[in-house]
Every structure is written in structure tokens, then in C-alpha cells.
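Student: I have a new structure to read and want to learn how to go about it. Can we take the features one at a time?

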Amino acid sequence: MHKVGGSIAGFTVYKVEELPEFRSTGIYLKHNKTNMEVLALQNDDPENLFAFAFKTFPEDSTGVAHILEHSVLSGSKKFPVKDPFLNLLKGSINTFLNAFTFPDKTVYPGASTNKKDYFNLLNVYSDAVFNPLLKEEIFQQEGHRLVIDDQGNLSISGVVYNEMKGNYSNQDSIASEWSLRAVFDNGPYSYDSGGDPKYIPDLTYDQFVEFHKTLYHPSNCQLFLYGDIPLEEQLAFLEENYLKEYTQSLPPRELPRSSTWSNPKQVAIPFPGSENADSQRESSVLLSWKTADVMDPVELLSLDILSELLIGHSGSPLLKALVDSGIGEDLSPVSGYETEVRESVFTVGLRGMSNEDQDKFNELVFATLNEIKQDGFSAEAVDGTIRVFEFHQREIKGGPAGLRLMRRALRGWLHGQDPFDSTRFTKWMDLVKKAYQEDSDYFVKIMDKWLISNPHRTLVTLYPDKELQTREDKELQAKLSKHKEVLGDEGIQALYTQRKKFEEFQNKPDAQKDLDKIPFLSLDDLPKTVRTVDFDVLSESPHLITAQNDFTNGIEYVDFVFSLEGLDKKYLPWLQLFRKALTGTGTSQLSYGDLEETIRLKLGGLSIYPSISSSIDENTYGSFYLRVKYLSEYRSEAFDLVKEIIVNADLDNKKRLKDLLFELRNDSKSHVIPSGNSYASNRAASHLSEASHQEELINGISQIFFLDELYSDYQKDEDKLLSMMSNVFKSIRGHIFNQNNVVVNIMVQEANTYNDVAKEANKLITTLTEVPHVDTVNIPPFEQSKKSHEAWSVPATVGYVATAFNGPRLGQSNFAASVVISHLLRTGYLWENIRMRGGAYGASANASALEGIFAFATYRDPRITGSLETFKNGLESIANGEFSEKDLELAIIGVVGREEHPLSPNDKLSIGYRRRLLKIKNSLRQEKRDQILSLNRHSLIETAKHLLLAMEKSYSCVISGSEIIAKDGLNDQKTWTIASLPI
């Protein structure tokens, strides 16, 4: 038992507290020599996590903290290879390994369920943050560099530079950045810690090195530990291997505080507009307030709850007033409460607005807030919102639990708050609930204090500028041309010399003796048998009901899965709108606002979505999921509410149908640039299997065109379009929601409650019709034509490149080899040639088990043809045997590790049903594991050769800026179709 004042491996224990809400004991310590702080949450969770956090307050928008985050993981004193991080990815069974740059901190977390693997990660990350090599070539690769081509043309490249160019090509990303920066006109939060592409090239190598020297010291480090590995072992490891070298501590860093305003401000920010965009209705307008200090946990939680009360769902009063006003199309996705900064920020905004309506927006927000002040919040709204917060606190979620607690702890701890006060939830919620019980106007007064009566706010207008990208490109080219003139012949020659030196650095392989220093697991450390998800079959007729039990903390999960078999394919593009309409229109008994409040009161969550997949026997299965979770004491009410939604959704509510169409259209458009790799990959794969084709209709580029077509029809004849939507949705509902078309899957804490839950499920199902609805809706099928290779232009300066072709499927003898090949390429050839040399943010290779598709993709990529060539060259490198036995062993470790991530109760429920539906037997999964563990060089080489032959019939899709498409010559190639994406 740890005691206050006790000593552990050079650390002194300052505080010990039981944290029953996290089933943990918290220990707070400081390192005796350096004052490095440690917060450890010791418990019985085998998924251990560490996280090094450094205060990295930016002083400009050059992105130095972000570039450093990339660079410290690229070679260190103990591990002097070019990319230790990449090598860890090759052969670790980690459950999390990454790094993050926040507006005021940089965090390096790693997690694993294997103790040996965990200490390997801790060792490499410790050396990376405290002893990085920070070679100038790494700065040039990860940050920025001046590139000269063979014709003497100058350009700028770099991983972070290209990443942020992608970020500044997206309206919502820019809105997110300025929703925060707009309320801080001085200090660290007034800058972009990720880096603005305009200013990133201003950062010098010497400034970069000095930033690390000043800030990456144990005195400026806060270490978070979580899990069941004894604290003594971890601290002794750090002291012996790293911390004992330090003999002094540095003064603690304090965040420079921003000024407080007595009058509100306004700012207008342009974003790259699309040629297809309607500039009259493409703006976003935001109001952002600087609010409470994160050191006040009660005020912080109160504001968090207030944010949910105001804009948490479609029936929330502020959100409803804004959408119903018609001055904008839907709520801006950056709306909400930001607590990752010292002085929190609340933002509310609308998309799809005219610039001229910014004053109307401002007036409407305050008129609505004052109306709420007059009328107050309903008790049901407050109780439901509090219940949502408490439910989320209670639920066991997927992913490392330590990662979520780390972020909560750092919120105040970073700035000097007691780390236990930062981490706790229940204590502060009890105080908030007590304040509300004593004063029913508590949240109204919070709103008045921080919003209505708070002058420290900014009205931000983001408007489309179709010439912005062209203008900025010309400015950059003019700047580079002028720089070229200044360089002269001697300077140009120096650039060629520098390019050669840089290329030599990138091309020179790491010494084997240095690679051997990186600690890895061995094949003997891997589990030989696959983990299974078992379930009981409660009944098979008239409908299948399965059940599992696990520790769920009193939460019950139930999936209603309706088959899409027999649903006419013409309805597939409508399914996304249909799922939104089920909860977004209200019911015959409840307005949509009342329905949302009731959902929050009775349920912990409700998710509705379609899913299309192939099975092992190559059939296509379409499913429509209603996934509900609730506290066991609300079981009966939960099922009644699901029944109300399924049976009585008000699909005649045309006003809401219009709002939902606008919202989904805007969401789809805004997702393209941040998720272009997914859209490009789905489009390429849609040529190769029926399931991929149907999935693309629902979630891909086809869906964007479909929604755009509906929007155009709405503009022509509003009533006709909305009437058609209503009829289509009724037809879909009548077809899929019937007694003979449903499977029920249950996850509860105790098996003895199976029958009670099944009884409620059966009662609900008997209220459904017994036969499908007769289709009487006359709508044409929507088919967005596809060519073999497509390039879609978007307003962006980087892009996404994807190629897909037929590969082996799960159950075929060479599938295991294709999976390992994809891992080898993703963590080797593609990383080195597309990310390191090509400057893209990322690249992937994936072997699909069920679709039989092998696919490549890049993310925020400044090239097209170069990446397409790299895909093929990568496969050729495997076919030519250009990998070692060690490479193969590490790839096997990495592949098996991905299959061993811990599963939440919700994960187990979904996976158990999906494996049954798609006929994925445990014996087949075990056969794949056995094949992976027994792979040899010959099997990989032969499989790569087969993939190369299949690649001759591949399909490619590109989403990129028009200038990149033109520069790479795709316009001149007959095999490519070039078009503009309507975003």
C-alpha cells in the first residue's frame, strides 16, 4: 500500500486516493530531482497505458509543436534509426500508439495488454521524447523543405506542411480553428499550434531544436499511468534508464493569460470555395464565448450540461430556433463546448448561410437565449441531460479507458490543479445536481452569466472565396520565383546539392546493428489461439434471439437487426435519410423535440444505421440496425420507446424532412476532404463486389450526388420532393419492419436476466406487421455512373489516391499471406516512399476478408501518379523478395496484435452477431491464425505475384485539387474520367 511521504524509485508520494468511480487507486508523485509529476491510476485493467505530456505553448503559427511531435519519434539516442515509431508499428501488439498536438500541450500515449510489449513501447517513447536526434533531414521531411525539380522549379513540401494544407482546404476544419482562436487575440491560443501553411515555412531548424531543448525536460513533463502493472516497476524503469541523468529541475511554466474584453468583436475568414458552390448559401456564421476557467470543475461541468441543454439534440431550444429560422441550413458541426484549453469556449453556429445574415444570426441567438431565460428549462430536459452525462460516465467503452481518463486529468492538471480534482466526475456532478435541486433556475443563471451577459465573444463569418486557392498559389509561386532570383546560380546549385543529400539520407538504409536495438516481441509471445465471442441462442423461431453476458456496469444492450433482403435496390440511397427521419421527425405521440428529450431520459443511446457486407459464401447481406442501450431499471420504458419510433415515426413531417435533407447533404459534403481516402477507396472497390457497390450507394460519392440531386429537386418543387420523401420512407418502413424480418441480440450483466429482456423484445416484435408492405412508390433507381479510373476535383491543395483490385478472401489458402503483405507495405514500403519521400500524411494497404478486395490508399497526398506507381512498386518489392525474415516475423506479430484488442460489451454484441450472419466460424478464424503463424518467404512472394497479376485489372479513384490533377497529366489520359465533385 502506497503512503503519502513514501518514496518509490526516486519519486515521493504526495497523495493517495481511492477512485471507486474508476475502480482505481490514484497515486500522485513527483520526481525528487526534476519535479516531474506522475499520476498513476492502479487497477485490475490489463490494458495498461502511459502518456507523456509536455506544456508546449505556441508563440506563432509555424506549427513547431506539431512538427516536433512528428520528429521526436524519428530517431533517438538509444534507437538511432530513421523511424523507431514505424518499427514499433511493424511488430508490436499495442492497443494504442500515437501522439497528439493540442493548443497548449503535446501528448505521447501508448497502450498494450502485454507487459513485455508495454515496456518496449515505454522504452522507445521515453528515449524519443527526452533524447531525440532531431536531425535536420528529419525536420525537412516532417516539417518543411524547399524542393527543386530537374527543371529548376521550386516548391515546398513536408508531411506537416501537406497535412495542414489539407486542413486549411476544409470549411469545417477552418471553422473549428477559428471558433477557438477568435476569442483569444493574444497569447498561445491566438495561434494555430498545428501550423498555418502560410507560416510553417518561416520556422527555422535552429528554432525547432531550441523549442525541444527548452520544453522537453522532465520538469515540464506530466506522466499519466493506468492499469495493472505495478507502479514500482514502471518508476524504477524510468529512473534507472532516463531520469537519473538529470540533476536539476527547471522553473514551472505558466500559461500566458489572455486579456478579457469589455466589448464583443467580429472577424471574417475566407475558405476555398468550390466552382459548383452557391456562394449565396455557403457561409458559416459562429458565435464563440470565452467562458469558465478549467480549474473550476463545477462551473466547467455546469457549462458542459448547459451546452447539451441548448444544442445537444434537434429539439434543444437554441438549436431548434436556429434551424427553424431558415437563415441557415443546419447547425455547424463545430458547435459545442471546448474544454481542452485553460479558459473554456462555447460556440454555436449555422452552416449554409448568406454572409449578409450574420447580424440576423447574432440577434436570433440572443433573442432565443433571453426567451429561455424568461421561460427556463423544463425539468425533463435537465433531468434527461444529466442522465446522459451519468450514463456515459458509467458505460464501459471500447478503446483504452486510460486514454479517456488521461485527457480528463490533463485538463486542469496541466495548469496546476490537483490531478484528482481534474479526473473526478461524481463529486462534481453531485455538487451540480445539489445546486440545481436548491435552485431550479441554476442553469438559466449559468447561461446568463457566461452567455447573455458575457461581452467576451466573437462573431465569426466564414465565407467562400472561389479565387482564394488560385490567389494563394500565385502568391506562393511569386514568392518562390523571387527567392529563386535572390539565390542566383550558386544558390540554385546549393539546392541541388541539398536535395541530393536529403535523398541520400532517405534512401540510406538503417544499420542492422541499430535496428537490432529496438525491442520487439517474438513469435513465442503471441497467442496461438484466436479469441472467441460466444453467445447463447434463446430462440430461432419465429425470429432469432441471441444473448451474451459480461460485466456491463448495469447497462443492457439490445440490437434489433432487420434484413434488407428483398428491398428494391432503388431504395438503398435513401437509407441514410430514412435512418435520420426515424428519430428526427417526432412520432404521432411526441414532437421531435419531446422525442429527443424522452430518448435522453430513458435511454443511454440509440444508434440507427444500414450495413452491407458479403458473407463467406459470397452472398450479399444488407442489414438495418437499431442499437439501443439503457440502464436495466429502464428496460420496459426503453422497449416502449423503440416501439414508438419504429411504428409511429411521423414521416409526414415535411418541415423536418427538409431540415434533415439539408443537414445530411451538408454533413456529406463536409466529410469529403477530411475523409477523402475513405471515399476514394469505397469508389474504387465498388467496381469489384456487389456489397461494395451497394455500400458506395449508401455512404460514398454516389450518396453525395444523390443528395445533391434531391436538393436540386427541392429547389424546383419543394412540396413534390418532400411528398416523395415521405412516401419513400413509409414504403421502406413497411417493407423492413415486420415480425419475420428481425433478429434480436442481447448483452446483459447476468445470464439470469436473458428471458426478461427477450420477453420485452418479443412483446415489441408482435406489434409489427406480419408481412412486408406492398411497394407502391414509383421512383427511378439512382445510379451514379462509374468509369474505370476517376479523378474528382475538389477545392484542396492536397488529395487522396486509391486503387482496388480482386484479392483472396478469408477461407482461401493465400488470404493470410495477403494480410501480412498489406501490413508489410503499410509499415514499410508505402510509409517510406509515400509519406517520407512523397510528403503525404499517410498511406495504407488493406486486404478485405469478406469482399476479396486488396486496396491501397493515401491521405493528404500532394501527388497522384507518383503514388499510383508506388502502389505497384510496393507489391513488386514483395514479389522480388525484398524483405528479410525479421521483417516477416515483425509483420506477423503486428497482424496478430491487431486481432487481440480488448472488446467492450457493445463490441462483443456486434461482433458475435456479425460473425454468425456472415458465416465466419471460429474454426475458420483459427485456420487463418495458424496460417499466419506458419507463413514463410515463399508464400508471401507467390501471393504478391498473384496480386500483381490481379492489379492489371484494378480500378483507381482520385480526389484532389484540380491543379494537381492537371499537373499529373490525368486530363490527357483516355483511361481517366475527370469531373468535379459537388462539395
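Student: How many disulfides does the count come to?

Tutor: Start with the general idea. A disulfide is a covalent bond between the sulfur atoms of two cysteines. This model is predicted, and in it the count comes to 0 disulfides.

Student: Is Cys221 buried or exposed?

Tutor: Cys221 counts as buried, because its relative accessibility is 1%, and the cut-off for buried is under 20%. Cys957 is buried too, with a relative accessible area of 0%.

Student: Now the whole chain. How many helices and strands does the protein chain have?

Tutor: The protein chain has 34 helices and 29 strands. Its radius of gyration is 28 Å, close to the 30 Å from the globule rule for 983 residues, so the chain is as compact as a globular protein of that length. The C-alpha trace spans about 75 × 65 × 60 Å along its principal axes.

Student: What percentage of the 983 residues count as buried?

Tutor: The buried share is 61%. Look at contacts as well. Take those between residues at least 6 apart in sequence: 81% of them join residues at least 24 apart.

Student: Which residues touch the most other members of the largest nonpolar core?

Tutor: The idea first. In soluble globular proteins, nonpolar side chains tend to be buried together. Here the largest nonpolar core has 137 residues, and Phe52, Tyr108, Phe856 and Leu940 touch the most other members. Helix α28 gives this core its largest share, 12 residues. Another core, of 67 residues, lies apart from it and includes Ile545, Phe706, Ile736 and Val757.

Student: Next, a sheet. In what order do the 6 strands of the open sheet stand?

Tutor: Strands of a sheet pair through backbone hydrogen bonds, either parallel or antiparallel. In this open sheet the order is β18-β19-β23-β20-β22-β21, with mixed pairing. β18 (536-539) and β21 (605-614) are at the edges; each has a single partner strand, so one side of each has no neighbour in the sheet. From one strand to the next, the twist averages 20 degrees.

Student: How many bridges join β21 to β22?

Tutor: There are 10 bridges, and β21 and β22 (residues 620-631) run antiparallel. Find Gly605: it stands opposite Lys629 in β22. Then look for helix α21 (residues 635-648). It lies across β20 (555-563), β21 and β22, at about 140 degrees to β22.

Student: Which peptide bond is cis, with omega near 5 degrees?

Tutor: Read omega along the backbone. The cis bond runs from Ser541 to Pro542. Pro542 sits in the loop between β18 and β19 (545-549).

Student: What is the phi of Asn35?

Tutor: Phi of Asn35 is near 70 degrees, a positive value in a residue other than glycine. Asn35 belongs to the loop between β3 (24-31) and β4 (37-42). With a relative accessible area of 40%, Asn35 is partly exposed.

Student: And where does Asn553 lie?

Tutor: Asn553 is in the loop between β19 and β20. Its phi is positive, about 60 degrees, although Asn553 is not a glycine. Asn553 counts as partly exposed, at 28% relative accessibility.

Methods
Residues numbered from 1 in each chain as written. Predicted model: local features only at pLDDT ≥ 70, side-chain atom pairs only at ≥ 80, totals over all residues. Heavy atoms only, no water. Pairing = 2+ DSSP bridges. Helix = DSSP H or I, 4+ residues; strand = E, 2+ residues; numbered from the N terminus. Axes fitted to C-alpha atoms, helices over the stretch in contact; angles between N-to-C directions. Contact = heavy atoms within 4.5 Å. Core = buried A, V, L, I, M, F, W, Y, C linked by side-chain atoms within 4.5 Å. Buried < 20%, exposed > 50% of the residue type's maximum accessible area, 1.4 Å probe, protein only. Disulfide = S-S within 2.5 Å. Rg over C-alpha atoms; globule rule 2.2 N^0.38 Å.
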